[in-house]
Amino acid sequence: LWAAASLPLQAAEPVTLGLNFPRSGPYKEEGLAQMRGALLAIDEVNAQGGVLGRPLRLVSKDSASRPEKAVRNVDKLADEGAAMLFGGASSAVAIAAGKRARERGLLYFGTLTYSNDTTGKDGHRYLFRECNNAWMSAAVLGKHLSKTQAGKQFFYITADYTWGHTSESSLRQATATQDDQRHPGLKVPFPGARISDHQAALKQAAASDAQVLVLVLFGEDLVRAMRIVGELGLNKRMQIVAPNLTQSIVEQ
């Protein structure tokens, strides 16, 4: 009975979904989680008869969290017949890939993109997000920090791209720490930050009078920075703040 019931679904033309995700680079653990989630969802949907009687099929490309590579992937996935695209763990990837998807007439679903810009100044009708944006995170976190760290000096270390920029500016506004003379900040490259970049930034934080260290970093960059924080003993004399965490980051 099962075999007979499944024949129409197997015979139907599959719907191709394109996953544009970081298989490599600093956000590869978040990319692995996205691939696992995509495969699980497709199995569940297909087990229930697919979409309008058609099974789903997944094709994927590695973005390495680099916007220019993600844009090329959009073209490759579109040429392979993808009906819609999703994925990404960098807001710069989501924004760039979403723009190219619009040009190809395809919807793009950003699965991990916290920047305000994704659905703000860079938003359009072909681009969607699943998660909260930087301002939502800052509104919640800022309320807590304003109560527990009021009057203290902050030091920001921020990934130099759209998520980092909008996360830092949102949190500064939510905590009234916009004065960058009293509450200084440094940018570190993204993608491609080296251990020496994080060490140099954290040593400057250590040499400051700051009592609150805000690490606007993500993925392996945040993991690496937290290890250096431990080596320098900063977590013993500063409150460490990380605006966004995933299970893979916590596990690492």
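Is serine 65 buried or exposed? At 1% relative accessibility, serine 65 is buried (buried means under 20% relative accessible area, exposed over 50%, partly exposed in between, with a 1.4 Å probe and protein chains only).

1. A word on the model first: it is predicted, so local features need pLDDT of at least 70 and side-chain atom pairs count only at pLDDT 80 or more, while totals for chains, interfaces and linings use all residues. Residues are numbered from 1 along each chain as its sequence is written, and side-chain values use heavy atoms, leaving out hydrogens and water.

2. Now the sheet. Five strands form an open sheet in the order 2-1-3-4-5, with parallel pairing (strands are DSSP runs of E, at least two residues, and helices are runs of H or I, at least four, numbered from the N terminus; two strands pair if DSSP finds at least two bridges between them). Strand 2 (56–62) and strand 5 (127–129) sit at the edges with a single partner strand each, so one side of each has no neighbour in the sheet.

3. Strand 3 (residues 84–86) and strand 4 (residues 108–110) run parallel and are joined by two bridges. Leucine 85 has tyrosine 108 in strand 4 as its bridge partner.

4. Back to that loop between strand 2 and helix 3, where serine 65 is placed. Serine 65 has a positive phi of about 60° although it is not a glycine. Alanine 64 lies in the loop between strand 2 and helix 3, has a positive phi of about 55°, and is buried at 11% relative accessible area.

5. One more for your list: a cis peptide bond joins phenylalanine 190 and proline 191, with omega about -10°.
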